Structures are given as structure tokens and as C-alpha cells.
Amino acid sequence: MSPRPIIVLASGICALILTMGVARFAYTPMLAYMQPQTGMGDALAGWLAGWNYLGYLSGVLLVTRLKDLMLKDRLYRLSLLLAVLTTAMMPLADSALIWGLSRYLAGLSTAGGLMLGSGLILGWLIRHGHRNELGLHFSGLGLGIVLGGLLVELAAPHGDWRDQWWLLSAAGLVLLIPAWRWLPRPDQGPQRQPGAGAAAGEPGPLWLWLLQAAYLCAGFGYAINATFTVLITEQQPTLSGQGGLMWLLVGLAAAPAPILWDRLARHWGYLRALQLAYLLQIIGILLPVFSGSLTAAVASSLLFGLTFIGIVSLVLTMVGVRYPAYPARIMARLTVGYGVAQIVAPVVAGELAELSGTFNGSLIMVGAIMVIGLLCLLAMGRVAARGDGGDSSRADGRLGSRRASAGG
């Protein structure tokens, strides 16, 4: 008997909470406790984040070469196990080497949970005739941030940083069970044929190059906030002790964001919705530079949570609409730039912060990079208007009910 779609989607939500919320994003609120207790500096914090993103990029490059569904399923389940094991590695020793290895392997598990899991779930929905949208699935990212942040804060009064990591590991073990059991093994139902569902000709190369440049810029915006939101808040003299709360707000805003951006894109078109997401993220990035108030910190956290997963979701959808025959190949090309930015950004930001004693310079730098990304998106609109970008952005909106898998 085939399981209900909500059960399959729930397995994906649990997988994202595990691989993203616990194995990846819990590191961000944990920095506020690890730094004073272990003596970790901003530079090391940035390097560890860079290793995590390098692991993610390595996983992405591996995933996009996979063709066999059963192999994808096995590696996805291995990613779930790896997410628990790498979380449990963090409290084993006060060692930059152990931490770096943990963060790299956690990045591999993130790629499996996000790309392989999303692809397998989408494939199951398509083969069984269900609505093929993943907005509910991607809500697991925001829920993972909330759960990880809550566990970190709840454990803080009762132990040291090691106890917090052990609690996160135990939560990961619990999440592993539904993530593993509720996703059916892939069947060999009818596959989507190359070109099936294409609404118009593929965009010209200039359109794709502009999208790649814009997505590269988004990688910088994502990496700085995802790594240092808590530390940026804690360094404000009037906001000491509020970093964990700001990270929870990021998760609360991110949980419904994919669904909200899906709805907006249906009315405006994906390109216009993406432009709005970039503009809002730029505002959120720069707010802490110009104001150290609680209001600015709250607004910055909410804007980041609302936009970062929206940008990824909108780009994934747009690629699926424009390149229905081989979305994985195009998404891999885009993800390389996004991944490189995620490796470079936290390392540079951490080094700058350690030299200057503040993250303001890093935020201004990333804000400027995101402005460049927004200009690339605006240029894409002009290219499309000239007929070199396939359908117009309005056509993207009409195709909003279709999604393609970044994992193939």
C-alpha cells in the first residue's frame, strides 16, 4: 500500500531538520557558548564554517553525477547516519582538527539530505500523481533552525558546550527514525522524458550567466548570516545575551518562507519575486551596521530567515521550469559558484572581524556583493524582454506549480 503524501513529506522535513538544523545550523548558536568556553577565535570559527561549506560543495559535485535511483537512496540514508555521527564528533575533544573534520563531513551529510532527499521525494510525488511542489518540504530548514536553537538554549543552564552537543546528537538520533522509515524505497515508475513539460525554448547563454553571477552573490549573503548572526548580535553592547533569540527568529521566519515565496511567484513571476528577495536581504544585512538597537537586530534576523531559503527555492524552481530536461546539470553549475562563495565568505569575514573587532566591514562588503547580484537579476529581466531569455518572468509565474529536482 502506497503511503500518504503527507507522510513522505514528513520524512523529508525530518531529514532536513536533522541534516540542516542539527548537523549544520546548530553550529551557529553553539559558537556563542564554544568561544568563551574553549577560547575559539572568530578566525577559527570562520575556518570551521568554510570546511562545512567545502564538504557541502564536495557532496553536491558527487550527487550531480549520480544516475541510479537505488544508489541515490542508499547514499541519502548514509547521509542521515553521517549527520548524527558528525554531531556526536564535536564534543569528543577540544581540537580544531576534530571540529574541522566534523564540519566537513557534516557538509557532506547536508548535501545528501538536501539534494538527494529533495530529489527522491519529488520523484516519488511525480510518479504517484501527487502535486509536485516542495514548499512544505523546505519548511524543514526553518524548523531545523528553531529546534537546534531551542535545544542549545535549553541545555545551556544545565551543562557546558559538550553537553549541548550531546543533546543535539540525541535529538538527531530521534529524527533519524522517521526520516529513514517514512521515505519509501524508490520504484522504477515512469520517468520524465527529456523536454517534457517545457513551456518554451531554453534561455540564451547570457541569461544563464547572469543567473549564475547572481546566485554566486547570494552565496556570500547566505554564508555570512548563517555563520555569524549570533556573534554579530552578541557584539552589540546593548544586545549581549540576545544572540540565541535572534537565531530562533531566523528559523521562525524561514519555516513558512518557501510556501510564501511560491505563492508570490505565481502572481509576480519567479524573476520578480527573486529580485524582491535580494532587495530584502540587502536591507537585512546592512541594518546592524547602521543601528545596534534590538529593533534592527530583530528586523535583520526576520529578513534573513524570510529570504535565504526563498532565494534557493526560487532559483531551483526557475531552473526546473526553464531546463526541464536536465535541471540537475544546470543546478550543479549554479551550486558550484554558490558553494565557493560559502567557503570564502566566512573565512574572510572571520579574519576581518578578528582584525577589526567588529563585523561591520564584512557586512558592508557582503551588502555590496548582494547589490551586484540584484543588478544581475535586473539585467536578466532586460534580456528576457529582448527575447533572449526564453519566457518572460510572468510566464515563470504561470508555471509555478512545476518543480524540478536539484538532485536530478
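The crossing of helices α6 and α9 is left-handed, a crossing being so described if the near helix is turned anticlockwise from the far one by less than a right angle, and right-handed if clockwise. Helices here are DSSP runs of H or I with at least four residues, strands being runs of E with at least two, and both are numbered from the N terminus. The model is a predicted one, in which local features need pLDDT of at least 70 and side-chain atom pairs count only at pLDDT 80 or more, whereas totals for chains, interfaces and linings use all residues. Residues are numbered from 1 along each chain as its sequence is written, and side-chain values use heavy atoms, with hydrogens and water left out.

Helix α6 (residues 135-155) packs against helix α9 (residues 243-254) at an angle of about 155 degrees, and their axes are 7 Å apart; axes are lines fitted to C-alpha atoms, for helices over the stretch in contact, and angles run from 0 to 180 degrees between N-to-C directions. The two helices α6 and α9 are therefore roughly antiparallel, a term that applies to angles over 145 degrees. On the α6 side, the contact (heavy atoms within 4.5 Å) is made by G142, I145, V146, G149, L150 and E153, and on the α9 side by G244, W247, L248, V250, G251, L252 and A254. L150, a residue of helix α6, counts as partly exposed at 39% relative accessibility, where buried means under 20% relative accessible area, exposed over 50%, and partly exposed in between (1.4 Å probe, protein chains only). L150 and A26 are separated by 124 residues in sequence, with their C-alpha atoms 9.5 Å apart in space.

N52 is located in helix α3 (residues 42-63) and is buried, with a relative accessible area of 4%. Apart from neighbours within four places in sequence, N52 is in contact with R24, R103, Y104, A106 and G107.

Overall, the protein has 15 helices and zero strands, and 60% of its 408 residues count as buried.

Technical notes:
Parallel < 35°, antiparallel > 145°, perpendicular 65-115°, else oblique.
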